[in-house]
Amino acid sequence: MSDLPQSYEIELKNCGFYGYHGVLPQERTLGQRFYVDAVLTVKTAHGLPDDDIEGTVHYGEAFEEIERIITGTPRNLIETLALDVARALCEKFPQIERATITIRKPSAPIGGQLDHAAVRLSYPR
């Protein structure tokens with residue numbers, strides 16, 4: 001097992017969901033799209049050399065966990081939302097050593113041209 005990496009990364013990129021997060025009343029009423037990237041640093045265990053899903057992170061289940069949070073309880077801050085996602089993933093999958101979550105908000109209520117507002121947060125286990 002010494003020839004195995006100590007960890008590896010699983011990435012889920014540009015996951016799109018509709019949610020009701022934000023400080024302004026219209027954000028809570030109308031909602032908007034949010035896009036999430038998750039980079040999950042996973043410690044190598046029996047799953048990698050044994051080709052066993054139980055030893056790693058099932059990314060379909062990780063996607064569903066992200067969706068549950070983004071479409072769930074409204075938050076004022078996307079920073080809080082990113083922390084909620086990172087914590088939930090680390091709790092559900094103890095193999096995760098670090099979850100780096102980026103949340104993009106393309107329709108941020110800013111009086112000017114903007115591609116998106118975003119926050120990136122790393123949550124160590």
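Start by selecting Thr102. Leaving aside residues up to four places away in sequence, Thr102 touches Tyr35, Val36, Asp37, Val119 and Arg120, where contact means heavy atoms within 4.5 Å. Before you click on, know that this is a predicted model, in which local features need pLDDT of at least 70 and side-chain atom pairs count only at pLDDT 80 or more, while totals for chains, interfaces and linings use all residues. Residues are numbered from 1 along each chain as its sequence is written, and side-chain values use heavy atoms, with hydrogens and water left out.

Stay with Thr102 for a moment. Thr102 sits in strand 3, residues 96–105. (Helices, H or I with at least four residues, and strands, E with at least two, are DSSP runs numbered from the N terminus.) Is Thr102 buried or exposed? Thr102 counts as buried because its relative accessibility is 8%; buried means under 20% relative accessible area, exposed over 50%, and partly exposed in between, with a 1.4 Å probe and protein chains only.

Now show the side chain of Arg120. The side chains of Thr102 and Arg120 make a polar contact at 3.1 Å. That term stands for a pair of N or O atoms within 3.5 Å; within protein, one must be able to donate a hydrogen and the other to accept it, and residues adjacent in sequence count only if both atoms are side-chain atoms.

Next, pick Asp37, one of the residues that Thr102 touches. Asp37 forms a salt bridge with Arg104, with 2.8 Å between the closest N and O atoms. This pair links distant parts of the chain: Asp37 is in strand 2 (residues 32–43) and Arg104 in strand 3, 67 residues apart. Asp37 and Arg104 are both buried. A salt bridge here is a side-chain nitrogen of Lys or Arg within 4 Å of a carboxyl oxygen of Asp or Glu.

How many salt bridges does the whole structure have? A search finds five. For another, select Lys105 and Glu27, whose closest N and O atoms are 2.6 Å apart. Here too, distant parts of the chain are linked, with Lys105 in strand 3 and Glu27 in helix 1 (residues 25–30), 78 residues apart. Both Lys105 and Glu27 are buried. Then hop to Lys13 and Glu11, whose side chains meet in a salt bridge of 3.4 Å, N to O. Glu11 is partly exposed, because its relative accessible area is 44%.

Time for some rings. The structure holds two aromatic pairs. Select Phe17 and Phe63: this pair is tilted, 5.2 Å centre to centre with 45 degrees between the planes. Phe17 is in strand 1 and Phe63 in helix 3 (residues 59–70), 46 residues apart. Phe17 is buried at 3% relative accessibility, whereas Phe63 is partly exposed at 31%. Tyr18 and Tyr20 form an edge-to-face pair, 5.7 Å centre to centre with 75 degrees between the planes. (Rings of Phe, Tyr and Trp, the last by its six-membered ring, pair if their centres lie within 6.5 Å; planes under 30 degrees apart count as stacked, over 60 as edge-to-face and the rest as tilted.) Tyr18 is partly exposed at 38%, and Tyr20 is partly exposed at 34%.

Last stop: select Val23, in the loop between strand 1 (7–19) and helix 1. Val23 counts as exposed because its relative accessible area is 59%.
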